[in-house]
Amino acid sequence: MIPRLDLQLKSLSLTKILAHYQEEAHKAAQEKLSYENYLARLVEMEAMSKLDRSINAKIHKARFPSLKTLEEFDFSFQPQLNEKEIIRLASLDFLEKKENLLFLGPPGVGKTHLAIAFGVKACMAKYRVLFIRTQDLLTDLSVAHKTGRLGQVLLNLSRLDLVILDELGYLPITPEQANLLFQLVSIRYEKGAMILTSNYGFEDWGPIFTDQVIAAAIIDRLVHHSHIFVINGNSFRMKQKLLPEAA
């Protein structure tokens with residue numbers, strides 16, 4: 001009986017039940033649990049296991065360069081940052097409202113940390129997320145355009161709940177790339193949330209895109225439904241470098 005049951009559980013991918021049903025049966029006998037309660041305990045274990053795997057799969061597909069959380073962020077080091085608003089947005093209602101989060105400021109102030117933290121939280125809530133450096137995205141879109149797959153790639157990106165673009169402006173953007181980015185922003189406008197980080201303020205986006213008109217069009221769509229955080233504090237990297245000396 002047991003080998004047959006093991007085989008059936010394995011074929012149904014009920015791996016958690018397979019691993020624990022005999023142990024739980026022994027506990028159920030000791031505790032005089034009903035058949036229903038014993039079954040409920042096993043099903044709950046399996047459900048929790050599958051939930052964990054689902055979240056881990058979403059985090060893996062999001063392609064974060066590292067994992068960060070809001071709890072790890074040192075708000076005391078960036079006193080200009082509106083901590084209450086950040087914590088409020090952690091409810092993720094901006095995803096349902098199809099709003100954007102824009103983090104602007106010099107290198108090292110925590111923009112990418114915050115972007116990743118919101119992305120991880122979204123994955124844990126079972127949203128579909130993609131994190132990608134802006135330059136890598138533009139390269140992917142350029143290749144897709146040249147190979148006739150741009151429409152499909154943009155469609156796939158439009159279906160995600162959250163797209164996180166990191167480091168916009170890190171490298172110059174060609175007119176062709178600017179047009180491709182405009183297409184992505186347009187296809188997600190009022191249909192899906194985005195998070196974007198940049199070392200530059202909006203006033204500097206014209207030179208980055210080498211086209212003031214397309215820069216204005218992109219900014220217009222990003223800003224319309226957005227929460228903008230300009231972080232002008234000190235660099236966390238410098239803080240970490242100076243800590244041993246201060247000690």
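Helices (H or I, at least four residues) and strands (E, at least two) are DSSP runs, numbered from the N terminus. This is a predicted model, in which local features need pLDDT of at least 70 and side-chain atom pairs count only at pLDDT 80 or more, while totals for chains, interfaces and linings use all residues. Residues are numbered from 1 along each chain as its sequence is written, and side-chain values use heavy atoms, with hydrogens and water left out.

**Exercise 1. Two loop residues**

Task: Locate K98 and L92, and state for each whether it is buried, partly exposed or exposed.

Solution: 
Step 1. K98 sits in the loop between α5 and β1. Its phi is near 60 degrees, a positive value in a residue other than glycine.
Step 2. The cut-offs for accessibility are under 20% relative accessible area for buried, over 50% for exposed, and partly exposed in between (1.4 Å probe, protein chains only). K98 has 29% relative accessibility and therefore counts as partly exposed.
Step 3. L92 belongs to the loop between α4 (83-89) and α5 (93-96). L92 is not a glycine either, yet has a positive phi of about 70 degrees.
Step 4. Because its relative accessibility is 5%, L92 is buried.

**Exercise 2. Helices α1 and α2**

Task: Describe how helix α1 (residues 2-11) and α2 are placed against each other.

Solution: 
Step 1. Two packed helices are described by the angle between their axes and the distance between the axes. Axes are lines fitted to C-alpha atoms, for helices over the stretch in contact, and angles run from 0 to 180 degrees between N-to-C directions.
Step 2. The axes of α1 and α2 come within 8 Å and cross at roughly 150 degrees.
Step 3. Angles under 35 degrees count as roughly parallel, over 145 as roughly antiparallel, 65 to 115 as roughly perpendicular and the rest as oblique. The two helices, α1 and α2, are therefore roughly antiparallel.
Step 4. On the α1 side the contact (heavy atoms within 4.5 Å) is made by I2, L5, D6, L9 and K10, and on the α2 side by I17, L18, Y21 and Q22.
Step 5. Sorted by class, this contact of α1 with α2 has 6 nonpolar, 1 polar and 2 charged residues. Ala, Val, Leu, Ile, Met, Phe, Trp, Tyr, Cys and Pro are nonpolar, Asp, Glu, Lys and Arg charged, and the others, Gly among them, polar.

**Exercise 3. A residue of α2**

Task: Which residues is H20 in contact with, leaving aside its neighbours within four places in sequence?

Solution: 
Step 1. H20 is part of helix α2 (residues 15-31), and with a relative accessible area of 23% H20 is partly exposed.
Step 2. Beyond those neighbours, H20 is in contact with L42 and M45.
Step 3. H20 and M45 are 25 residues apart along the chain, and their C-alpha atoms are separated by 8.9 Å.

**Exercise 4. Helices α7 and α8**

Task: Classify the angle between helix α7 (residues 134-146) and helix α8 (residues 150-158).

Solution: 
Step 1. The axes cross at roughly 140 degrees and come within 7 Å.
Step 2. Because of this angle, α7 is oblique to α8.
Step 3. L137, L141, A144 and H145 from α7 meet L150, V153, L154 and L157 from α8. The classes in this contact of α7 with α8 are 7 nonpolar, 1 polar and no charged residues.

**Exercise 5. The sheet**

Task: Give the order of the strands in the open sheet and follow β5 within it.

Solution: 
Step 1. The sheet has 5 strands in the order β2-β3-β4-β1-β5, with parallel pairing (at least two DSSP bridges between two strands).
Step 2. β2 (129-133) and β5 stand at the edges with a single partner strand each, so one side of each has no neighbour in the sheet.
Step 3. Strand β1 (residues 100-104) runs parallel to β5 and is joined to β5 by 5 bridges. In β5, I228 is the bridge partner of L102, and F229 that of F103.
Step 4. Helix α9 (residues 175-188) lies across β3 (162-168) and β4, at about 150 degrees to β3.

**Exercise 6. A residue of β4**

Task: Is T197 buried or exposed?

Solution: 
Step 1. T197 lies in strand β4 (residues 193-198).
Step 2. Its relative accessible area is 1%, so T197 is buried.
Step 3. Not counting residues up to four places away in sequence, T197 touches several residues, including F103, K111, T112 and D166.
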